[in-house]
Amino acid sequence: MLSLKLPLTRKSDAGPAAAPLWHPNFRNFERLPDTKVVRTTFFINAAAIALAASLSLWVGYREYHLHDINQQIDEAQAEIGRNQKQNAEAIRLSNSFAEEEKKLSEAQNFIRTPMPVTEFVLLLGQTLPKEVQIEFADMRITDPTSPQCILRGLVAGTKDQASGTASNYVDILRTAPRFAEAFDSVSLTALNTDPRTGLLNFEIILKFKKGKKS
């Protein structure tokens with residue numbers, strides 16, 4: 001008896017290959033809900049809140065700092081105003097004291113003058129040559145730095161005669177006993193021709209001795 005054995009075929013070879021499963025994906029991922037445990041929007045909102053809080057704190061600190069500065073400025077201005085009043089009063093008192101001190105100094109200098117004005121005028125008239133005319137006399141007795149007397153006038157005669165007369169008059173003022181006692185120096189400081197009269201103008205400065213009493 002013939003046995004006919006056919007080779008067995010594998011199952012995979014027995015039938016046609018199955019087609020792969022496939023279908024189009026029409027999902028819009030931008031519109032799908034966020035299914036993550038912690039959503040992305042949470043981090044965005046948290047960061048925005050933290051930034052806003054930081055800005056608020058910074059602005060608040062700036063406002064507080066500005067308010068503190070303005071308060072310090074107001075206090076400084078008030079202090080300056082009080083000091084200005086005190087300073088103005090101190091300046092007023094200082095000026096008043098300086099004026100009184102000046103008056104007192106002038107009075108003391110006048111008391112200590114080497115020669116009273118009346119005596120000076122009397123001696124000036126006694127020693128004045130007839131060719132000399134006094135037109136101006138300024139006694140600066142109260143000047144603490146340089147007490148002196150300035151004489152200005154005219155000398156008659158020709159230019160040479162007038163010049164000699166002026167020099168002789170200076171010598172008289174230097175050698176007169178009372179003048180020599182009161183004055184430290186007598187100087188002829190100017191001698192010029194007067195264009196109106198043709199006479200000589202002169203200026204004589206007599207400097208008082210300091211620390212001498214009459």
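E89 and R92 sit 3 residues apart in helix α2 (residues 40-111), so they are separated by about one helical turn. Their side chains meet in a salt bridge, at 2.6 Å from N to O. By salt bridge I mean a side-chain nitrogen of Lys or Arg within 4 Å of a carboxyl oxygen of Asp or Glu. Helices here are DSSP runs of H or I with at least four residues, strands are runs of E with at least two, and both are numbered from the N terminus.

A quick word on the source, everyone. This is a predicted model, where local features need pLDDT of at least 70, side-chain atom pairs count only at pLDDT 80 or more, and totals for chains, interfaces and linings use all residues. Residues are numbered from 1 along each chain as its sequence is written, and side-chain values use heavy atoms, with hydrogens and water left out.

Back to our pair: E89 is partly exposed at 37% relative accessibility, and R92 is partly exposed too, at 46%. For the cut-offs, buried is under 20% relative accessible area, exposed is over 50%, and partly exposed is in between, with a 1.4 Å probe and protein chains only.

How many salt bridges does a search of the whole structure find? The search finds 8. One of them joins D171 and R174 at 3.6 Å, N to O, and these two are 3 residues apart in helix α4.

Now let's look at α4 itself. Its 17 residues, 159-175, should span 24 Å at 1.5 Å a residue, and the end C-alpha atoms are 25 Å apart, which agrees. The expected span is 1.5 Å times one less than the number of residues. Buried in α4 are A162, T165, A166, Y169, V170 and L173. They cover an arc of only 140° around the axis, so they lie on the same side of α4; the arc is taken from the directions from the helix axis to the C-beta atoms. On the other side, D160 and T175 are exposed.

What do the buried residues of α4 pack against? Their partners include α3 (117-127), β2 (148-155) and β4 (200-208), where contact means heavy atoms within 4.5 Å.

Finally, β2: 7 of its 8 residues are buried. β2 pairs with β1 in the antiparallel sense over 8 bridges, and F136 stands opposite R152 in β2. β2 and β4 also pair antiparallel, over 8 bridges, with V155 opposite L200 in β4. Pairing requires at least two DSSP bridges between the strands.
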